[in-house]
Amino acid sequence: RIITLNLLRMPPKSGTRPYEIVVFGATGFTGERIALYLAQLQASGKYTKTFAVAGRSDSKLHDVVSKLKQQTNASTTKISVIGGVSTDDPASLRRMTEQAEVIVTAVGPFRQFGEPVVEAALATQTHYVDVTGEPGFIEKMIVKHDEAAKKAGISIVHACGFDSIPSDTGVQWTMKQFRQLYGDAATLSHIESFFTVRAPHGMVGNTGTWYSLVGGMSSSDTNASIRNQLKQKYTDSNATVARIGQSSRPEAYGWVARLRRWALLFPGADAAIVRNSQQQLAINGHREVQPHFSISFTVPSAWYLFLFIFFGTVIKFMSKFRWARALLMKYPSIFSYGMFQPTGPSQKQIDATTVTLDLFGKGYKTKPANATARPDHTIHTQITMGEPGYRYTTIAVVQAALTILASKNKHAVPAGVMTPAAAFVDTDLVERLQGEGVGYKVIESK
């Protein structure tokens, strides 16, 4: 599909648009919580501009606005409505995007509904952030639209939620701490990471997340084709990611003594996102040595380990067949062992849930002459946050949008289709997240 700009009706210039931020999909579970966080920022005086919520139904959007005003209990809440917007109506999408400096979209699954919004952002020269965790969609957007975004001078940044800002920014932040401890020549060769969810009242996800998960598994063959095209694009850039040593892929599952928990390799987007960011950073002139990266998630017992392996295997197998995929979509609660529900988590569950991401790095005080030399220093960093899907994600994607707005005159966020670390490495995004209660700290170094 070719994107063309209508020269007879150019979009409003940046800085003259009605809204800095428009939240698309605000009647959905995640979108409403993104809008709520923005309303809370307004109520606290941290954000003073009017923002808009957008979607298909005017009446449902007005209901959301009324609900947000009641929840924030603030007369200063300033929210507008842009109704009649649908992903199958390109004109309505352009009408929405041309009113915003940045579009924040939570309309998924993104492999179905994401690209029309990206195309509208391109056509109206509007910055864009989303909460997708679908690597195939992200890589397709980089292959198809990166050059157009660069020419338009806009930033399209995917995976700005729990997938995958913690791991992506965490790698670059850990590298920075390692250099501060051991000098500018210090180099990390490997980072092995583990995230741990503690949910005393149970961990529940919304079915929209489930649909994206199943859809991503079912399109793995297509993802492989796109990934080959992306590899070729990166090869053609002549910007090679500098590394030391061989990748040390961890076991698929096992006991992690230093955390005293069982762990499984995480099948989500994070590892692919980190690799993309490392490649994009090299293209953008950041030529530091990048560490090999892996990510796993931990569980408290061997029984949970068995459940995750069993249900994961069943879901991955069933997602390959249309009839079985229909069953997965129809009965998410059954096939996820109750972890995904149409209602999503309760507020009590959201409030009580926390996540810790531990990153264990090893490397060298000075770059070794021999790539097989044994690392001589280690570092353990940790990122702590609230419930991942609907609390941390809302904070992260909004702060990503605000970072783009704050950085646009400084050109600190490059133009193009990017993943988080490539977009925000030269900005204050981590400091913004810390200001919102997300913890980044060094636990140990030696």
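Q: Why is Arg 227 called partly exposed?
A: In this predicted model, Arg 227 has a relative accessible area of 29%, and because buried means under 20% and exposed over 50%, with partly exposed in between, the value of 29% places Arg 227 in the partly exposed class.

Q: What makes the contact of Arg 227 and Glu 139 a salt bridge?
A: Their side chains meet at 3.0 Å, N to O, and since a salt bridge requires a side-chain nitrogen of Lys or Arg within 4 Å of a carboxyl oxygen of Asp or Glu, the pair qualifies. Arg 227 lies in helix 8 (residues 220–236) and Glu 139 in helix 5 (residues 135–152), so the pair ties together parts that are 88 residues apart in sequence.

Q: How do you know whether Glu 139 is buried or exposed?
A: The relative accessible area of Glu 139 is 3%, and because the cut-off for buried is under 20%, Glu 139 is classed as buried.

Q: Why is the pair of Phe 178 and Tyr 182 called edge-to-face?
A: The ring centres are 5.1 Å apart, which is within the 6.5 Å required for a pair, and the planes stand at 65°, so the angle is over the 60 degrees that edge-to-face requires. Both residues lie in helix 6 (residues 165–182), 4 residues apart, about one turn of the helix. Phe 178 has a relative accessible area of 0% and is buried, and Tyr 182, at 16%, counts as buried too.

Q: What makes the link between the side chains of Thr 77 and Thr 72 a polar contact?
A: The distance is 3.2 Å, which is within the cut-off of 3.5 Å for a pair of N or O atoms, so the link counts as a polar contact.

Conventions: Residues numbered from 1 in each chain as written. Predicted model: local features only at pLDDT ≥ 70, side-chain atom pairs only at ≥ 80, totals over all residues. Heavy atoms only, no water. Phe/Tyr/Trp six-rings, centres within 6.5 Å; stacked < 30°, edge-to-face > 60°. Helix = DSSP H or I, 4+ residues; strand = E, 2+ residues; numbered from the N terminus. Buried < 20%, exposed > 50% of the residue type's maximum accessible area, 1.4 Å probe, protein only. Polar contact = N/O pair within 3.5 Å; in protein donor to acceptor, adjacent residues only side chain to side chain.
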